[in-house]
There are 2 protein chains.
Amino acid sequence: MTTRYSTFDTCPPLGVHRTEHACPEHCRGSRRIRHSFEILSTDHRSAARRGLLTTAHGKVETPAFIPVGTAGAVKGITPQQLKETGSVLILANTYHLMLRPGVDVVENLGGLHKLMTWDAPILTDSGGYQLFSLSPLTKIDDDGVEFASHIDGAKIYLNAESATKIQNRLGADIIMCLDQCTPFPCSDSELKKAVVRTLSWAKRAKPAHENPDQLLFAIVQGGINLDLRTHCARELVKLDFDGYAIGGLSVGEGHENMIRTASHTTALLPKDRPRYLMGVGTPADIIAAVRAGVDMFDCVLPTRNGRNAFAFTENGPLRLRNNAHINDTRPIEAGCDCYCCKNFSRAALRHYFKTGEYLGPILVSLHNLRFYQRLMARIRQTIEKNEFADWADEQLKMIIDY
Amino acid sequence: MTTRYSTFDTCPPLGVHRTEHACPEHCRGSRRIRHSFEILSTDHRSAARRGLLTTAHGKVETPAFIPVGTAGAVKGITPQQLKETGSVLILANTYHLMLRPGVDVVENLGGLHKLMTWDAPILTDSGGYQLFSLSPLTKIDDDGVEFASHIDGAKIYLNAESATKIQNRLGADIIMCLDQCTPFPCSDSELKKAVVRTLSWAKRAKPAHENPDQLLFAIVQGGINLDLRTHCARELVKLDFDGYAIGGLSVGEGHENMIRTASHTTALLPKDRPRYLMGVGTPADIIAAVRAGVDMFDCVLPTRNGRNAFAFTENGPLRLRNNAHINDTRPIEAGCDCYCCKNFSRAALRHYFKTGEYLGPILVSLHNLRFYQRLMARIRQTIEKNEFADWADEQLKMIIDY
């Protein structure tokens, strides 16, 4: 592992300079940054790797799954319950938080960790994805994006610099460059325009980044056009980011296209930086993407499906509203160590869903998160033992495509 | 404390007889019942008493507050979280459970304790209150009540015997006789009719009761007509129930009427049986009713108000949607040991309510339940120390009428 240093000067009496300025009396040079990424082991028969990501709020073992806490909470789940699922790094959405409660409020409270009562690592996205998926009336140009709040229609402008500065102020451990996300399908000319903008915005995000304790990740775009992915990845790597995300996937292109694109992209990224496949995915997506060299994943599937009475199990999905469960005293999954499985029958869960009791969504979300974190632990273990490729082959043959 | 015995014969090889029958070879007489009520201390200047109610699923210190888990769950709260609020005895509604998931299902699962994952005491109401408040097309006669399910309109018939047998099968530790609940205001002739029916149904419920491990409580009705309350209480006491509830209050009659009626009624009830004021109430209601000799209370206030961003504190209510809390880093209540107060700022809670995040309702419900259980602990402590009357006077002078 190479020790890396912040490009920010330190100033003992004042702390880290948040903006570059002359400080001839205090500044004594660069400071060792508080984050690092270390590869602990690699699989011999695939691109899979096991790593340790160190952040200002603790360490994350990779490959890692990141639960989604959109507006500063994983829906219905307390931080204590979330910890018990084995989750370490969690995601919050810049777009939602900048609208409500607003960056000033989060900053006044002492940052996102305080708002969310989460003392472990947090990642914020840049808002790019939501601008294109949630916002009506989005106007985009080479500088940035004007959008109307999906809550009250208020016009808000976001560009490379402001998206970065907002994330500096929110205070997550990992932050993302603003990118232009493309839908699927998308013409090559549109994909190209998005890549050009994403590159230009990444270039501008870097000098705008003012908190050396945060890792800044850039996002590779280009849809499923591998040439554009190559171009985008190479140009971003030249800019030397703390990590690289693969964006614009899991938007309808399908498993094969997704994995081909991820695999192509990871091969272009530096080995010593974490790789993050955004918004992915099913257990099969994750296993295949780890095999392709991906280290991090975030996805709403375990929690959104959990709220809809859909439980992940090693034997395939369980739909808990089904009549089949009406008298079933078994837990969702035998042997599962989650709070739900240790305490509740399928019959009780079915009853909660049928009567609209919110315990149902909570308990199945907890189970699904535990299922995902157990999957990640298994992935890390098989990489460690150099058994990952065989295990993944076997899993992908028999795995249920959720 | 007088040791009481079940009127049910025991039969060592077969266990407790669920119905009376001849068993000359096995039966060796009566069995000591698994429940008891013991008065530990009484307040010298009021009717308040501190007691210990023993049930088949454990002991309950009285005066006790009983959280409401209508359909087999306290909304959004896991059993583990509920335990942490200091709650011991919880309530579930027979009416809701008989409709969904149905008595057969609950019985097949092994009873209500299994369904709810609650190993401590449970109380079920008889369904009487809901028949009059929730059900359209209720037809009542001297035998029982025909009602249409508020879910699918299906016609269901409930009478003294079936309400008792259903509760035998649900398996709560404390069950209630079917009663006729009256609205407020209500004519004396209507009140009288309801008292006559409530008495007749209680008389029929007793022999129908088939599980000696459950305490069977009768309910005193009579609105705010003290003569009718006297008549109802005296007749019920002759029938010798395990406990007595005061029903038909907290329906709009106001604090003074409620406490006058409760006080009048408790004086007519045997000292050695628990007294339960149903559906009550605010902190002031509870303190005044304890002073009047009540031992048990159930109410949706802490949880329903919690879901509506209303927090109880010693300094009065806190409405967490208010702009005043936007940057407030303080907990709901300084020094409160609940999970919410130990971890979340008012600002975070406000944010959760404003964004519709279900963590808000969960966390404020937890705080409010803890607030109520702390109030009950304080009540028990002041009775123990013979300081209750003074403390109650002081509280009732300054207490905020929620």
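**Chains A and B: close-up views**

**View 1. Salt bridges between the two chains of the predicted model.** Two salt bridges are counted between chain B and chain A; a salt bridge is a side-chain nitrogen of Lys or Arg within 4 Å of a carboxyl oxygen of Asp or Glu. Glu357(A) and Lys75(B) form a salt bridge through their side chains, with 2.6 Å from N to O. This is a predicted model, in which local features need pLDDT of at least 70 and side-chain atom pairs count only at pLDDT 80 or more, while totals for chains, interfaces and linings use all residues. Residues are numbered from 1 along each chain as its sequence is written, chains are lettered from A in the order in which they are written, and side-chain values use heavy atoms, leaving out hydrogens and water.

**View 2. Polar contacts and the side of chain B that touches chain A.** Across the interface of chain B and chain A, 14 residue pairs are in polar contact, both at pLDDT 80 or more. A polar contact is a pair of N or O atoms within 3.5 Å; within protein, one must be able to donate a hydrogen and the other to accept it, and residues adjacent in sequence count only if both atoms are side-chain atoms. Elements giving two or more residues to this side of chain B include helix H1 (79-84), helix H13 (346-354) and helix H14 (359-384). Helices are DSSP runs (H or I, at least four residues), numbered from the N terminus. H13(B) gives the most, with five residues.

**View 3. Extent of the interface.** In all, 39 residues of chain B are in contact (heavy atoms within 4.5 Å) with 38 residues of chain A. The two chains bury about 3,200 Å² between them, 58% of it on carbon and sulfur atoms; buried area is the accessible area (1.4 Å probe) that two parts lose on being put together, summed over both. Of the interface residues of chain B, 97% are also interface residues in chain A, so the copies meet through the same surface.

**View 4. The axis relating the chains.**

View 5. Met98(B) lies in helix H2 (residues 94-99) of chain B. Its relative accessibility is 13%, so Met98(B) counts as buried (under 20% relative accessible area, 1.4 Å probe, protein chains only). Beyond its neighbours within four places in sequence, Met98(B) contacts Val103(B), Phe147(B), Ile156(B), Leu158(B) and Ile166(B).

Key: Buried < 20%, exposed > 50% of the residue type's maximum accessible area, 1.4 Å probe, protein only.
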